Amino acid sequence: MDQPTVGILHPGSMGAAVAACAATNATAVLWCETGRSTASAARAAQFGLTPVVALAELLDRSDIVISLCPPAFAEDLARDIAEQRFAGVYVEANAINPTRVQRIAALLAPTATVVDGGVVGSPPVGGKAPTLYLSGPADATARIKALFTDTVVQTSVLGTEVGKASALKLSYASFQKTSRVLVALAVGMAREHGVDQELIEVASRRTDSYLSEPQYVAKTAARAWRWGPELEEAADALAAAGLPPEMLRAAASTLARWHDVRDDGELTLTEALYRLAHP
């Protein structure tokens, strides 16, 4: 397969580093300098990306375009690409929900082929090796997989359904990023009462991720009748410390969906998840 020319849209810290990896198996990696900041220009130069003046030129020369931008801009950017009638492979790699990805795929059809992408991990610099999850037409995902062969960006194809990669990305992000916010709230509450070092000591005794223990969801459901009020108390403590309580109140509200499975030791994961979705 001939080496493609690749265009990267909005080369931020993730986009520029991913694009640099793509350069291993590409003829060139282009970026459009018009309207971009000096920081973007510096990143592009750092990673050896080739500047072009106009978006139309980037699209005309590129076989593959990778969109990695802030989520709010994803559809407007795709609309600009659709107006130019780009006819190559468009990798929608932004952290957006599956419905938005499917809208973008419809927007770019029939001229472009859309591959749904989700990057899990840190930018591929300094020894970091993120995984780019892909879903979409088999021929197109194979081209993207080939583009990152022998680079630190790992690829994994989830199937042909556009939306799967984005669903995986957001599923993981919902846990990972919310967990970081919960850490801030927990440490903030503990520090208000002078026990933050003791909290860290307690937490250091356990290093496993709760996300790797899905079987515990059923136990959580069975204990929700007790845990919900406990989180309401914690939310009150946060508010008293001047910290935002809304996240814990929302968690308590979620637990309330399991109010009718009190201490049910026979509950399965499947049943718990069904009851969570159908209170």
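**View A. The lining of the largest pocket divides by class into 27 nonpolar, nine polar and five charged residues.** Here Ala, Val, Leu, Ile, Met, Phe, Trp, Tyr, Cys and Pro are nonpolar, Asp, Glu, Lys and Arg are charged, and the others, Gly among them, are polar. This is a predicted model: local features need pLDDT of at least 70 and side-chain atom pairs count only at pLDDT 80 or more, while totals for chains, interfaces and linings use all residues. Residues are numbered from 1 along each chain as its sequence is written, and side-chain values use heavy atoms, with hydrogens and water left out. The space in this pocket comes to about 2200 Å³, where a volume is what probe spheres fill when set on grid points joined across faces, edges and corners. The lining has 41 residues, and F175, S179, L182, Y210 and W227 are the ones nearest the centre. Helices α7 (164-192), α8 (196-204), α9 (216-240) and α10 (246-255) each give two or more residues to that lining. The largest share, 13 residues, is from α7. A pocket is found on a 1 Å grid over the protein atoms alone, as an open set of points with protein on both sides within 12 Å along at least five of seven lines; a cavity is a set where a 1.4 Å probe fits but cannot get out, and lining residues have an atom within 4 Å of a point. Helices (H or I, at least four residues) and strands (E, at least two) are DSSP runs numbered from the N terminus.

**View B. The second largest pocket holds about 270 Å³ of space.** M14, L68, C69, P70 and N94 lie nearest its centre, out of 19 lining residues. Elements that supply two or more lining residues are α1, α2 and β6, and α1 gives the most, with three. By class, the lining comes to nine nonpolar, seven polar and three charged residues.

**View C. Helix α1 (residues 13-22) is largely enclosed by the rest of the structure, because eight of its ten residues are buried.** Buried means under 20% relative accessible area, with exposed over 50% and partly exposed in between, using a 1.4 Å probe and protein chains only. The buried set in α1 is M14, G15, A16, A17, V18, A19, C21 and A22. These residues pack against β1 (5-9), β2 (28-32), α2 (38-46), β6 (113-120) and α6 (138-147); contact here means heavy atoms within 4.5 Å.

**View D. The whole structure has one cavity of 30 Å³ or more.** What classes are found in the lining of the largest cavity? Eight nonpolar residues, no polar and no charged ones.

**View E. S135 sits in strand β7 (residues 131-135).** S135 has 0% relative accessibility, so the residue counts as buried. Its side chain has a polar atom 2.9 Å from the backbone oxygen of E161, and the side chain also reaches the backbone nitrogen of K164 at 3.5 Å. A polar contact is a pair of N or O atoms within 3.5 Å; within protein, one must be able to donate a hydrogen and the other to accept it, and residues adjacent in sequence count only if both atoms are side-chain atoms. Neighbours within four places in sequence aside, S135 is in contact with V115, D116, T141, L158, G159, E161, V162, G163, K164 and A165.

**View F. Strand β7 is mostly covered, with four of its five residues buried.** β7 pairs with β6 in the antiparallel sense over five bridges, and S135 is the bridge partner of D116. With β8 (residues 154-157), β7 pairs in the parallel sense over four bridges; there, Q154 in β8 partners T131. Two strands pair if DSSP finds at least two bridges between them. In a regular strand, side chains alternate between the two faces of the sheet.

**View G. S67 belongs to strand β4 (residues 64-67).** Is S67 buried or exposed? With a relative accessible area of 0%, S67 is buried. Residues up to four places away in sequence aside, S67 touches L9, L77, Y90, V91, E92, A93 and N94. The C-alpha atom of S67 is 15 Å from that of Q102, which is 35 residues apart along the chain.

**View H. Zooming out, the protein has eleven helices and eight strands.** Its C-alpha trace spans about 60 × 40 × 35 Å along the principal axes. Of the 279 residues, 38% are buried. Among contacts between residues at least 6 apart in sequence, 61% join residues at least 24 apart.
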